[in-house]
Amino acid sequence: MKIDQEQLTQKAIELLQQLIAIPSFSGEEDKTGDAIQNWLTDFGVKTKRQFNNIYAFNKHFDENKPTLLLNSHHDTVKPNAAYTKDPFNPHIEDGKLFGLGSNDAGGCLVSLLATFVHFYEQKNLSHNIIMAATAEEENAGEKSLRALIPILPKIDVAVVGEPTLMDLAIAEKGLVVFDAMVEGTPSHAAHPNDNNSIYNTIEVLNWFKNCTFEKVSDTLGEVKLTVTQINAGNQHNVVPAKVDLVVDVRVNDCYSNKEIADFLQKEAPCKMTPRSLRLNSSAIDPNHDLVKSGIALGRKTYGSPTLSDQAALSCQSVKLGPGHSPRSHSANEFIFVKEIEEGIDLYIKILSGFLIQK
């Protein structure tokens, strides 16, 4: 089915409005999955489904060619209490399309879907294309891209759609969250206690505050360690036996998550238990042809401190999409309509420079 880019862009914006109007919290994306399947089917695309992950192969898929994955997610976080607009009412004001998930990552998703449709019937591309609109990204769930990857053909390179102002995030920090425990001796508050767990925490917090890692990445900078939660005690007259901390560690591409966990479990002055080691950092060779195609169009490259479904991939990948990351998870979330229009145009041009053999 042939459709010009202007019509395709308008159809993509209409789909985004439809998706915003359907609640799709992580694990509850069945209806947005239906909408995405119907949209692709209307363009003659044959779709497949695993849980709420919707995926499709380009028409002339050739198992002898390498494969490019286009991926973004259709789940959202829940709207925060500061919203003054209806998060499920998609509407345009002053060129801004408002609604929950508009920026993270609906604009990216519909732009990638439009781009996939643009290339769907083209022959003689250098790579196959798989489009995957996936679920449970926001909560790193078990039925997310992570579940889909094992049933897909081998992926050689991927574009993960997240809001980057259409600049290329050629590296992304990994994440390890630790549950830490500072111990002491429980006692009545009226009696002496030289092993008060709360006072012991002062030294531990100072250790975390001053903790640094030697290796600094050219693209991602330093490993960033942050204590984000603290909890202890439930009675005014009882010294608690322990203080619980949560430590968030953003890992650069100089370390594996296991190396970070091994170091902290050995050196930190408290007990440290990692919740998961699976969210490793990711990157793509700055000289990869996909990156060079973007640079040739004037796009910048950078390292991203925020996590995405790139962490589920073992291949080289770039994070790229319309919208601006600081708007994600904010009240009255929006994306500029012009950003979607420009995003589709740039996706098509970047991929044309990569996929179309000269």
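## A residue in helix α6

At 42% relative accessibility, Q265 counts as partly exposed, a class lying between buried (under 20% relative accessible area) and exposed (over 50%), computed with a 1.4 Å probe on protein chains only. Q265 belongs to helix α6. Leaving aside neighbours within four places in sequence, Q265 is in contact with M272, T273 and P274; contact means heavy atoms within 4.5 Å. Q265 and F178 are 87 residues apart in sequence, and their C-alpha atoms are 9.8 Å apart in space.

## Basis of the model

This is a predicted model, in which local features need pLDDT of at least 70 and side-chain atom pairs count only at pLDDT 80 or more, while totals for chains, interfaces and linings use all residues. Residues are numbered from 1 along each chain as its sequence is written, and side-chain values use heavy atoms, with hydrogens and water left out.

Helices (H or I, at least four residues) and strands (E, at least two) are DSSP runs, numbered from the N terminus.

## The four-stranded sheet

Four strands form an open sheet in the order β11-β13-β9-β14, with antiparallel pairing. Two strands pair if DSSP finds at least two bridges between them. The edges are held by β11 (224-231) and β14 (271-274), each with a single partner strand, so one side of each is left without a neighbour in the sheet. From one strand to the next, the twist averages 25°. Angles run from 0 to 180 degrees between N-to-C directions, and axes are lines fitted to C-alpha atoms, for helices over the stretch in contact.

Strand β13 (residues 242-251) is joined to β11 by seven bridges, and the two run antiparallel. Across this pairing, Q229 stands opposite V246 in β13, and N231 has D244 of β13 as its bridge partner. The pairing of β9 and β13 is also antiparallel, over ten bridges. G174 stands opposite V251 in β13. Seven of the ten residues of β13 are buried, and the strand is mostly covered. Helix α5 (residues 197-210) lies across β9 (174-183), β11, β13 and β14, running at about 10° to β13.

## Helix α7 and its surroundings

In helix α7 (residues 289-296), the buried residues are L290, V291, S293 and G294. Seen down the axis of α7, these buried residues fall within an arc of 155°, so they line one face of the helix. The arc is that of the directions from the helix axis to the C-beta atoms. An α-helix has 3.6 residues a turn, so residues three or four places apart point the same way. The cover over the buried residues of α7 includes β7 (157-160), β8 (168-172), β16 (301-304), β17 (316-319) and α8 (337-355).

H288 is buried, with a relative accessible area of 17%. Not counting residues up to four places away in sequence, H288 touches V157, Q316 and F354. Just after α7, G298 takes a positive phi of about 90°.

## Aromatic pairs

A search of the whole structure finds ten aromatic pairs. Rings of Phe, Tyr and Trp (its six-membered ring) pair if their centres lie within 6.5 Å; planes under 30 degrees apart count as stacked, over 60 as edge-to-face and the rest as tilted. The ring centres of F213 and Y255 are 5.9 Å apart and the planes stand at 70°, so this pair is edge-to-face. F213 lies in the loop between α5 and β11 and Y255 in the loop between β13 and α6 (257-267), so the pair ties together parts that are 42 residues apart in sequence.

F334 counts as buried at 16% relative accessibility, whereas F336, at 29%, counts as partly exposed. Elsewhere, Y55, F57 and F61 form one aromatic cluster.

## Charges over rings

A charge sits over a ring if NZ of Lys or CZ of Arg is within 6 Å of the ring centre and within 35 degrees of the ring normal. K215 lies over the face of Y255, at 5.2 Å from the ring centre. K85 lies over the face of F98, at 4.6 Å from the ring centre.
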